[in-house]
Structures are given as C-alpha cells and as structure tokens.
Number of protein chains: 2
Amino acid sequence: MRALDIIRLKRDGHVLSREAIKTFAGGVADSSWPDYQVTAMLMAIFLRGMTLDEATVLTQAMAESGARLDPSDVLRPENGSTPVDKHSTGGVGDKASLVLAPLAAACGALVPMMSGRGLGHTGGTLDKLAAIPGFRTGLSVEEVRQTLSETGCVLFRQTAEVAPADRRMYALRDVTATVESIPLIASSIISKKVTEGIGALVLDVKVGSGGFMNDLAQARELSQWLVGISERSGLRTEALLTRMDTPLGRRVGNASEVREAIQTLKGEGPEDLESLSVILATRMLILGGVAGEDEAAGRVREALRSGRGVEKFRQIIAAQGGEPRVIDDPALLPLADREALVRATKRGVITRIDAGRVGHGAVALGAGRDHADAAVDPGVGIDLLVDEGATVNAGEPVMRVYYRDTASLEAALVHLQVATEVGEAAPPQRSLVMETIDGRTIQAQSL
Amino acid sequence: MRALDIIRLKRDGHVLSREAIKTFAGGVADSSWPDYQVTAMLMAIFLRGMTLDEATVLTQAMAESGARLDPSDVLRPENGSTPVDKHSTGGVGDKASLVLAPLAAACGALVPMMSGRGLGHTGGTLDKLAAIPGFRTGLSVEEVRQTLSETGCVLFRQTAEVAPADRRMYALRDVTATVESIPLIASSIISKKVTEGIGALVLDVKVGSGGFMNDLAQARELSQWLVGISERSGLRTEALLTRMDTPLGRRVGNASEVREAIQTLKGEGPEDLESLSVILATRMLILGGVAGEDEAAGRVREALRSGRGVEKFRQIIAAQGGEPRVIDDPALLPLADREALVRATKRGVITRIDAGRVGHGAVALGAGRDHADAAVDPGVGIDLLVDEGATVNAGEPVMRVYYRDTASLEAALVHLQVATEVGEAAPPQRSLVMETIDGRTIQAQSL
C-alpha cells in the first residue's frame, strides 16, 4: 500500500487495516515515509481518531520497530510468574517507583523498569536515579538482562534502539500540534512497555494539578485506552487513577526524593507515599502472578517491615554502578547549600498545597526541565514542612527551599508563595486511589 | 504568531485571523515553515475547512508571495476598461482559449493569459501553444508587458517567480492526500489569476467525464468558492458551468487543436467550439468593461466574421516568436504520420462520445501527461469523424487516430474502442452552458 492511499483512507475517516497501520509504522521507523507524509497522517489521526484495535496494531508495530528485551530469555521465574512493571503518567514528588520496584523485587517479582526523563513540572525517574553518585541507567540490552537476573530488578533508560518509530513520531507530534491525541498518547506509552517483554503492567494515572491531566473524565478515558491497548497486546493490566492535587510525600527535587524513598523503604517515610507504594507493589505481585489477592499485600508489608525492601534497593544501586552507602548516609547525595523558607502569610489551617505550583517552583529552581535539552540540578528542591490540615501561625515556615542562586530562587518563589492556601477548616480526608480500571471494565465499555 | 499555535487553532476548528493566515502563507513562501508543519496544517485545513474570508486572505497572501504583473503600468486602456482573463478548469478538446483570447483582444480587451501545463486527461493550453513552431511562452515579466502592449494579448507560462507559496503548497498537497479541498483548490487557482493584475475574470468550470469534476453539485460548490474569492479579491467575476460529457470540437491532440482553433477563427470550426468561444469572449468584454451587455456579442461575432480575430492570432503568434504562417498553412504544424481508424461495431445512432475515454486515449497516445514529468508529443491525437446524434453503419469509421508507435496505439484503443456508444435514438440537444454563477449569486448564499 502506498503512503498516499493510507493517508487518504484515514483522512476520510476509515478504519485502517492491520497491513496499512504496519506500513505506516514501518515507514516511520525506516524513514521511507518522509516527515511531510508522517505529519499529514498524524493530523488525520488526530482529527479522525483511531479504534482501539487500530491503536493496538500501531502500538505493536512501534514496539517491533526496534530493540526488545525478553526477560524470559534469561530468567523464567520458577513460580510461573511473569515479569511486571509499573508506569506512572508522572506527578510532583512522585518517587513511588524507587520504593515499589525494590519492594516488588524483594517479594520475588521480576521488574524490568524502563524510564524516561522528566519534562515540565512532572519529574522523571531517570533524573532521580541520576542523583545517586555513579548510578548508571544507560545500559546495553546485555547489561539490562544481567542486572535483572542478578537482582530481579533493573532501572534503565530508554535508548535510541527502543521503539524508534515512536521516537520519530513523538518528535514530529511535538512540532505539529498533534500531541494531545489519546490514541497516540496511549500507543506511545504502551509501545515502550511492550518492548520490556513484561506480561503484566500496573498503571498509575495521576489526576490533578500536579499531573499530566487535571480532569477525571479525561484521565479515565486515557486509562481506558492504556488498559485496552495493553491488554490486547497480551499484558495483564490495571490502571489506578490516583490523586495528584498535592505533592506525593514531603520532598520535591531529585536527590531529596531519593532520600525520601530510602526513608520510606526503612519504614520512616510519609504515610501517603508508603501507602501508594504498597498498593502499587501489591497490584504488581498479583498481576505478575507472584502472589494471590489474599497474601500479596501482606508480603509487601513484610518486605517493608523486615528491611528486605531497602536491602534490595541497596543491591540494585550496587549492581548498576551506584554508591550503595547512600542507603545509610543520605549526606552522600547532593544538596544545594543555600536555603530559604517560605512562610505562612496568616494564621489558619492549611487547606491546600497545590502540586502544580510546587512543581513549577521546582522547575524554576532547576530540579526539572522546561524544555527537552535543559540540564537538571540534582541538589535543588523543596521540603514541605507541614501537611494539608495542619494549623499554622502567620510567619510560620511551611516550605524549605534548597537553591543555587538568587535568580532561580526568586523565579521559584513566584510559584511557591501562592502554592499554600490557608483557610478555616481542614480539608476532608480523601482516598489517594480514586478508581481502578482493568480489562473487565474496558470490555464493558465501547471505545 | 508561532506555527504551532496557528496549526493548533485550525486543528481545533477556529477561524484564523488575517495575521495567522498571512504568517502561514509567508512561512510557506520563505520556507520558514518546514514541510512537516505545512502538511499538518494542510490536513487540518482539509478536515476543518476554511471560510470564504480565510480562503480570500490565503489567496491574496499567495499572490503577494512572488512576482506580479500589473498591466495597467504599461497600458491603461483609454476606454476605462480593465484587463480581463478567462480560466478553464480543463476539458478534453478544450482549445477555446486559443479562439477567445484573440477574439477578445481584437475587440479591444486587454488579455494577459497565464496558463499551466496539462496533467491527466484534461489538456493544458501551454502544451497546445508548444505545438506552434517557435512559439515562446516562457517570457520574462518585461516581455509579457511588451507583448501585451503590442498586441493586447499575451499567452504565457507560469514561472517559478509567480506565487511560490502556491507552488510549494501544491507540491506538498499532491503527496499528502490534501488536493481535493475546495477552499485550497479555489485559492490556488485564483492566487495565480490575481498576479496577472486583471480586474475581471471569466471562469469556465467544466462538468462531466472529460473535466475535473463529474458532479454538478460539486462543480457548483467549486464555482461559488472561485467566484467568491475572486470577487473579494477585487475582480469582477462570473463562472459558467459548461458541459464536458463529450469532447469540445472534433479534434483532440495539441497540434490538431491549434489547427481547429485557427479553423474556428476563420469561421469554419465546429459549432460547439465556436459557440462557447463567442459566449466566453462576450462575457470577457462585458466584465472587462469593453462593451455593454447589448453590443458585446455583436462585436465578438463581427471580429469573427471580419477575420480580425484570426489576424489577431497571427499577430500574437508572431509577437511571441512563433511561425505566423501556420494560420494559412496547417501543414506547418506537426502531425504523426501513422493513422488508424476506430469503427462503429454496429449500426445505429451515436448516443454518446465519452470525453473522459477520449481524453484517456489521447494521454495513452502521448498527447497528455500521466505524471508531471512526462513529455508530450504535439503530433499525436484523435479526430472525431462523427457527432453525437449521427447515424452510422457497422464498420463505419468514427475516429481517426494519429499515432507514433503500435504500443501507444494499442494502449489508446483500450479507451477509444469503448468511447463511442451506439443506440437507437439521438440524444436530446442540451445547452452547453448549464448555469452561470456571479457575485450576486454568491451574496445570496452562505459559504
């Protein structure tokens, strides 16, 4: 089939055949489709949409366009379980991967976790790992397999060999206003997960000002597409829609977040982070076939209580070339040496700590990227000194800011000084997990 | 405004501001918009549409992107008339330009007629002119002005300097399935006419198998857009929707068509060609302000009868470097030396001579292009030996084919042998002009 004919079919609103979609993805991967045809096609997809089946074929074709890991080659779990990963759409202070991956691995799950860098106010796991002295994420396929077989977990970077069709397509979407298409977003995310060779996937879809989506209905739609494509690609999948109105934990900033993850693995972390990490690790064990519904949560809690989780993290750090003593000595992690306090402007109850504003403040400090090429400073960040619901006096410190220079501090304070809202009554307690979407939910819906 | 923001607005179905459209057309012209952004925008326009005002701004911006002729610089008609042109959407055997341009100029109209090459089964005026030995169409702006002031008419080729934004946009539309957008088609046509510096325009929109559109409703829609954009661009404009079910005249093929145009200017041509040429030239005189409604047709007929039309054509040919003796001696025009006859397969009345099939036969012979780079043979073609409504016996010749080699003849016969339909009763006489659309029609409609 010729590119022109495929573009015309989608332009006219037809459902494309498997062959047509594979031709498109192949043409993107091997550049036999020039940029101008790819972007005309992307706009046609954006405006005409795709069916779940079309998006699934696109996902698989993008996954097949490059290198793939097959963990079962090197390590086929004897208990009949399947490799499992978790993916988060990203949030402010979201260091749950650093807690749950060691916990799940400590419980016997095989966790090949590929991550990308952060962009905008939602941080990326790779940037947090880069704060650990010596930690290498740019591993060859061989190194990934070896680390996985040694420790049961590997935290690695997406390389140019992984899903090149997705990489080229994403770059073109970014400059042609075709990013915000749910079928294309979902295909892009799942195509990379498929290359990990996993058999199960837990999705953490963040909803709120600190996440990629602020609207529950939109997040639900994205979750349905993610789960639908992932299940049709052979992965047992669940999406948890979790609240991202306020930062997760009390630390925002790359090295600070590693510190807080370690603290949490030691059982001394903030309740929301521990709770979410345990819930997600539990779902990983269940979907991955490592433990049943009745025992999974208990096994995760036991790994936490016993210290096996934190020891697993130490082992992973060492296996990937990092300095394992950071587990015992947080001072080995970078920290900017200038500090400033953000204070409450009046007496009252903290009714809101806005994740979006904190996230933008962190980006201004240099903890995140406002464009793809920006450098990230691992040592800057924000410590929240109070929780929502706490009573504060006027002038009482609510955040501590670690910064490098006055200009970046001032830029950050624009966001941070309005991030905290003080009112009269404590906000109601709300569950972190808003809802769960799985393959059964999807079958009951029509997309 | 950034390209990304403009694409996003059109993607979301907004009406673009004058500034946004000018930025787009400027970015296409100066290549500051890369191909991939232009094609994403074109697909968004294709699927979201444009208003008549948007298309008008686009048309003017494309016209302004390159060189423009201003005939009033060199020759401002003393009678208060305005330069006027005719544009046809193209049909099989359509050599009306070669008849009406000399006729209109002989009546005092100023006719700067820029033409393109043919593509597919609808021939192009440039290819017909190229059959005249020595005739030059690739003129500089200075030569165009000089010829126009000498003869009142110039028949010239669109150069790379004319509407470069349209040229680049058309090339990209051709490879991204974004050709068939009525606002884009209409903008492209009118933008080039605007560069001629004319004040009036007669459009001949062909309807039928031998034209670009087979469907009356579609042709009417295109006409409304053409007239609407052209009028808003300051040109007095009328579109005549004319029948193109059957070839115009009895000759198809470049040199043959020049021969038939000369014959018609001498008053010895086929009735349909003479009739259409007179009608269109009459509308040109009226819209161009050369003559009133009551006298224009008479003046055109007088130019035909007196021979002033054919003498004007001789003068134009000489002014553009061509061999003027072709007027008197048709043997100076090329003619392929091999002939074949197509014969009626049964006795009866000719109910149909299908223009589309004759046109495809002509392309197969080499008289037209099936792709943009193909060479055209001026000497090959088809003479129709009978008209619709004629009674024929089985085996009686209905067409004479002039060809170069057996392979092209055989390819042509595939079309030509089924081009003529023989039945029992003569088809009804139908008017060549199906309807007329002018600025008043458009104001009464909403586009």
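Residues up to four places away in sequence aside, A:Ser191 touches A:Thr59, A:Met62, A:Ala63, A:Ala163 and A:Asp166, where contact means heavy atoms within 4.5 Å. The structure is a predicted model, in which local features need pLDDT of at least 70 and side-chain atom pairs count only at pLDDT 80 or more, while totals for chains, interfaces and linings use all residues. Residues are numbered from 1 along each chain as its sequence is written, chains are lettered from A and ligands numbered from 1 in the order in which they are written, and side-chain values use heavy atoms, with hydrogens and water left out.

A:Ser191 belongs to helix H10 (residues 182-194) of chain A; helices (H or I, at least four residues) and strands (E, at least two) are DSSP runs, numbered from the N terminus. With a relative accessibility of 0%, A:Ser191 counts as buried. Buried stands for under 20% relative accessible area, exposed for over 50%, and partly exposed for values in between (1.4 Å probe, protein chains only). The A:Ser191 side chain reaches the backbone oxygen of A:Ser188 at 2.9 Å.

In helix H13 (residues 271-287) of chain A lies A:Arg283, which is buried at a relative accessible area of 16%. Its contacts, apart from neighbours within four places in sequence, are A:Val202, A:Glu238, A:Leu240 and A:Glu293. With two of these residues the A:Arg283 side chain makes polar contacts: with the side chain of A:Glu238 at 2.7 Å, and with the side chain of A:Glu293 at 3.2 Å. A polar contact is a pair of N or O atoms within 3.5 Å; within protein, one must be able to donate a hydrogen and the other to accept it, and residues adjacent in sequence count only if both atoms are side-chain atoms. A:Met244 is 39 residues from A:Arg283 along the chain, and their C-alpha atoms are separated by 19 Å.

At the level of domains, chain A is assigned domain 1 (3-49), domain 2 (71-329 + 433-446) and domain 3 (335-423), with bounds that come from an automatic or database domain assignment. The centres of domain 1 and domain 3 of chain A, taken over C-alpha atoms, are 45 Å apart.

Chain A is superposed on chain B by a rotation of 179 degrees with 0.0 Å of shift along its axis (RMSD 0.1 Å). This is the relation of a two-fold axis. The same surface serves both copies, as 100% of the contact residues of chain A recur in chain B. The superposition is by least squares on the C-alpha atoms of residues with pLDDT of at least 70 in both copies.

Within chain B, the axes of helix H2 (residues 18-29) and helix H9 (residues 164-174) come within 8 Å and cross at roughly 80 degrees. H2(B) and H9(B) are therefore roughly perpendicular to each other; angles of 65 to 115 degrees count as such. From H2(B), B:Phe24, B:Ala25, B:Gly27, B:Val28 and B:Ala29 meet B:Ala165, B:Arg168 and B:Met169 of H9(B). Helix H6 (residues 96-106) of chain B is mostly covered, with 11 of its 11 residues buried. After H6(B) comes B:Gly108, with a positive phi near 105 degrees.

Most residues other than glycine have a negative phi. A:Ala177, in the loop between helix H9 (164-174) and H10 of chain A, has a positive phi near 60 degrees and is buried at 2% relative accessible area. B:Ala163 has a positive phi of about 45 degrees; this residue lies in the loop between strand S3 (153-157) and H9 of chain B and is buried at 0%.

Conventions:
Axes are lines fitted to C-alpha atoms, for helices over the stretch in contact, and angles run from 0 to 180 degrees between N-to-C directions. Angles under 35 degrees count as roughly parallel, over 145 as roughly antiparallel, 65 to 115 as roughly perpendicular and the rest as oblique.
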